[in-house]
Amino acid sequence: MSSEPLWNTARNAEQQKQRSPQYAVRPSFRPAVEQQSSAQIERKTAPAAKLSASNINFYYGSFQALHDISLDFATNRITALIGPSGCGKSTLLRSLNRMHETIRGARLQGTIRMDNEDILQHDVNVLRRRVGMVFQKSNPFPKSIFENISFGLRVNGMARRKDIPGLVERSLRKAALWDEVKDKLFQSAYGLSGGQQQRLCIARALAVDPEVLLLDEPCSALDPIATARIEELLFQLKDQCTIVIVTHNMQQAARVAESTAFFLMGKLIEFNETKIIYTTPKNKETEDYITGRFG
Amino acid sequence: MNVKKIVNFIMFGLTGLCTLLTVGILFFILAYMAWRGASSLSWSFFTQLPAPVGETGGGMANAIVGSGKVLLLATIIGIPIGFLGGVYLNEYAGPTMSFVIRYATDLLNGVPSIVIGIVVWGLVVHPMGHYSAFAGGIALGIMMIPISVRSTEEFLHAVPSSLREAAVALGASKWKAIVTVVIPAAMRGIITGTMLDFARVAGETAPLLFTALGNSFWSSGYNQPTATLPAMIFTYAISAYDDWHRQAWAAGFVLLALVLTINIVARLVVSRGIEMPRGNA
């Protein structure tokens, strides 16, 4: 692999850091926060909601997967969605960036607002750039590591060609993957280990500077060490974006999330600060699930 | 030995024998064509025009070039249509639509090639008033379409949907995801399919007999009757001259070698495999 002095020098990386905010904040993509409705200001208990789902009913054909879900996702916090398989938590997650629209027969009722803007009225491609997603199985493209990371920048026309290398490095650093891959940027992403591939997918999602990051059981195929690295990463990322994570691993929810929502049979049973959910749940079903009596 | 065991043994032998026969036929054809064809083959076959009746020697240089021209046209006409149709079929069409398309494509594939020839004759040759390489290219191009549609679909289908999800989740439009991720991931297979498609129609004779027709001299451009190897084999094989028969054998051997080479190369391309993400293969 040829060395690429253009962006391997520290000076260049420094320049990139300075340059990046200008690219990161695209005014047209970020509506003013001041325009929040009175309804949201009234919610004094939690920090301002980045995403707010109200009265969501979701159907796969005639099967109702979600029943009247209303849930706020606080800005720059990690919210965990837990519950047994088939409880609708992944369905809710997918509807937050409208990935459900790729499924034939899926139908969503209700409203989802981001920064008080109805995402269902939003241009879907712009929405998905703003609300990134990491999937259960790592799914890097059959391309080089560099191409994987720069993909989002290119398809969204977000960066000039000469800026891309710096932004790729920045994203890989954010995902704590840079040191492991900097010498093989132009090799296939499939040469990486499972945990590295998943962090690559996180880096790829971060490259387009999302405001929200959705993670659908991102560690379910990883060993505990790789899992720990990703959890560590999530802690570092929450300064930059709002994170929603679906997990089957209740210890994971307890470790990473500030708020936890418990779902059962397509209904939101309980939503509160993680501490409260895990120590003094108000609902019997939550308690049974948390303590391992079922599920 | 009881009856069960005897029946078992006989059936084992019978099925094995038939398999041997199947493989054997291929090698028999290869060997026979090599024996009859190679002995009639000479350098002049590739460089000279057909000799006039009564003279010995000569070659089929014009038919080799003509085949190339007709196949090039066929590829230019058939592959883009088949490829994009395959993309639509796999990426856009709903369940009902894809059933209809698949069915229609298979029916088109089953249309006898001579019927396609006569249709092109009626629509192109007759109005133009003369045979041409152009008409031959259209006829073979039509024959390439259904195979191209199905092979494109097959290889796009093998691309895991998780890659499509990854692309659209990054803000790519559906078309952008298809162009930048899905098609490149399937590219090797699609190229293989195209090569096999090419090899498949390279030996087609019937549609060429009354579209490109053939002649025994150089044809310039695409607007004149043009000699092709398969049509030449047909014409020479049914003639009454021994020397022409030898030429037909040589032409058959060249055509077979060409088609086999393309097949082998195409399979080498695909045997390198489509890369799949770990755990998704």
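**Figure 1. Helix α9 of chain A lies across strands β6 and β7.** In this predicted model, α9(A) runs at about 170° to β6(A). Axes are lines fitted to C-alpha atoms, for helices over the stretch in contact, and angles run from 0 to 180 degrees between N-to-C directions. Two residues are in contact if their C-beta atoms, placed from the backbone, lie within 7 Å. Helices (H or I, at least four residues) and strands (E, at least two) are DSSP runs, numbered from the N terminus. Residues are numbered from 1 along each chain as its sequence is written, and chains are lettered from A and ligands numbered from 1 in the order in which they are written. Local features need pLDDT of at least 70, side-chain atom pairs count only at pLDDT 80 or more, and totals for chains, interfaces and linings use all residues.

**Figure 2. Six strands of chain A form an open sheet with mixed pairing.** The order is β6-β7-β8-β3-β9-β10. Two strands pair if DSSP finds at least two bridges between them. The edges are β6 and β10 (267-273) of chain A, and each pairs on one side only. On average, neighbouring strands are turned by 15° against each other, direction ignored. Look at β6(A) and β7(A) (residues 212-216): they pair in the parallel sense, over four bridges. Val131(A) has Val212(A) in β7(A) as its bridge partner.

Figure 3. Strand β1(A) (residues 49-60) runs antiparallel to β2(A), joined by eight bridges. Find Leu51(A): opposite stands Phe73(A) in β2(A).

**Figure 4. Helix α6 of chain A is mostly covered.** Ten of its eleven residues are buried. A residue is buried if 20 or more other C-beta atoms lie within 10 Å of its own, exposed if 12 or fewer, and partly exposed in between. The buried residues include Phe146(A), Phe151(A) and Leu153(A). Their cover includes α5, α7 (164-174), α8 (178-181) and α9 of chain A, together with α8 (174-202) of chain B. After α6(A) comes Gly157(A), with a positive phi near 55°.

**Figure 5. Asn148 sits in helix α6 of chain A.** Asn148(A) counts as buried because 28 other C-beta atoms lie within 10 Å. Not counting residues up to four places away in sequence, Asn148(A) touches Pro140(A), Phe141(A), Lys143(A), Ala189(A), Leu200(A) and Arg204(A). Ser188(A) is 40 residues from Asn148(A) along the chain, but their C-alpha atoms are separated by 9.2 Å.

**Figure 6. Chain A meets chain B.** Here 27 residues of chain A are in contact with 19 residues of chain B. On the chain A side, the elements giving two or more residues are α5 (124-130), β6 (131-134), α6 (145-155) and α9 (194-207). This side has 13 nonpolar, ten polar and four charged residues. Ala, Val, Leu, Ile, Met, Phe, Trp, Tyr, Cys and Pro count as nonpolar, Asp, Glu, Lys and Arg as charged, and the others, Gly among them, as polar.

Figure 7. pLDDT is the predictor's confidence in each residue, from 0 to 100. Chain A averages 84, and 84% of the residues score at least 70. Over residues 1-44 of chain A, pLDDT stays under 50.
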